[in-house]
Amino acid sequence: MSSQPQHVQDMRTPLKRVRALGAARSGVGHWWWQRLTAVALVPLCLWFVWLVLRLPHLDFASAHVLVATPWNTLLLILFTAIGFWHGQLGLQVIIEDYVHTRWIELTLLIAIKFLAVIGALACALAALNIWLAVY
Amino acid sequence: MPHARPLSPHLSIYEWRITMVLSILHRVTGAFLCAGVALVAWGLVALAAGEGAWGTFAEFCGSWIGLILLVCWTFSLFLHLCNGIRHLFWDAGAGFQKSEYFTSGWVVVIVSVALTVITWLWAMRAGGAT
């Protein structure tokens, strides 16, 4: 049996196997990354609230100094990147559940992924820019 | 749709329960928090851009609409965080007894309301955003 090539054991194409019959064997990836980012966001969210609470007056100079602290820069980049990633995974599920017109669904799915990458990169560049301006 | 599927009964026939309310709120707060992380992005980019851009951002955060949104974002964050931890316990296979998921649901509501109140009392005591 094991000496036979794959197509002899099963003549069906992967598409035929998946269509109305079961999973495409990639669904666990989404589930796993959603949980992994969720676990990472538990401490990061609590840290972020604590960070913002140290800026009650929102004045430019103290915000600049606070964000430019190396640990804060690092954690802010992590928080925003993982936050955008987790958010995008969640929005994907909402869109897949409620948008039933295929082309709108696909457009939205592409748009949220593009926006998440732009958002995460913008945050990382801004945080690094602030860090470099001070040090 | 290529394959017609039977539809489940419509949402409106069910009696409201803490479990379904939290399930719906988890999605709503999750979507709302996506706008929240966009606000964080705006703040960071404004801080990098300079004092003028930051001023516009700070003015928005200190305005009435900004403060109302910030309170909603704070509550959404804590609710999604607490309920997310509840989901992680379920993923590990714990807390599936009927009494357990009703209790954990109310714990999520109480803790997230308490954390929101504590956060804003702290913020106001420190001077307030306005």
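## Chain A at a glance

Chain A folds into six helices and zero strands (both are DSSP runs, numbered from the N terminus, with helices being H or I runs of at least four residues and strands being E runs of at least two). From the N terminus on, its elements read α-α-α-α-α-α. This is a predicted model, where local features need pLDDT of at least 70, side-chain atom pairs count only at pLDDT 80 or more, and totals for chains, interfaces and linings use all residues. Residues are numbered from 1 along each chain as its sequence is written, while chains are lettered from A and ligands numbered from 1 in the order in which they are written.

Of the 135 residues in chain A, 24% are buried. Here, buried means that 20 or more other C-beta atoms lie within 10 Å of a residue's own, exposed means 12 or fewer, and partly exposed is in between, with C-beta atoms placed from the backbone.

## Helix H6 of chain A

Among the buried residues of H6(A) are A:Gly119, A:Cys123, A:Ala126, A:Ala127 and A:Ile130. Their cover includes H4 and helix H5 (70–98) of chain A together with H1 of chain B. Take A:Ala127: leaving aside neighbours within four places in sequence, A:Ala127 is in contact with A:Val67, A:Thr73, A:Leu76, A:Ile77 and B:Leu44. Two residues are in contact if their C-beta atoms, placed from the backbone, lie within 7 Å.

A:Leu58 sits in the loop between helix H3 (27–53) and helix H4 (60–68) of chain A. Most residues other than glycine have a negative phi. Phi of A:Leu58, though, is positive, near 55 degrees. A:Leu58 counts as partly exposed because 19 other C-beta atoms lie within 10 Å.

Chain B has four helices and zero strands, in the pattern α-α-α-α. Its radius of gyration is 19 Å, well over the 14 Å that the globule rule gives for 130 residues, so chain B is more spread out than a compact globule. That radius is taken over C-alpha atoms, and the rule is 2.2 Å times the number of residues to the power 0.38. The C-alpha atoms fill a box of roughly 55 × 45 × 30 Å along the principal axes.

Before H1 of chain B comes the segment that holds B:His10. B:His10 counts as exposed because it has 7 C-beta neighbours inside 10 Å.

## Where the chains touch

In all, 32 residues of chain B are in contact with 30 residues of chain A. The largest share of chain B's side, 13 residues, comes from H1(B). By class, that side has 22 nonpolar, seven polar and three charged residues (Ala, Val, Leu, Ile, Met, Phe, Trp, Tyr, Cys and Pro count as nonpolar, Asp, Glu, Lys and Arg as charged, and the others, Gly among them, as polar).

The largest nonpolar core has 42 residues, and those with the most contacts inside it are A:Ala126, A:Ala127, A:Ile130, B:Leu44 and B:Leu47. Such a core is a set of buried Ala, Val, Leu, Ile, Met, Phe, Trp, Tyr and Cys residues joined through C-beta atoms within 7 Å. H1(B) gives the most to this core, with ten residues.
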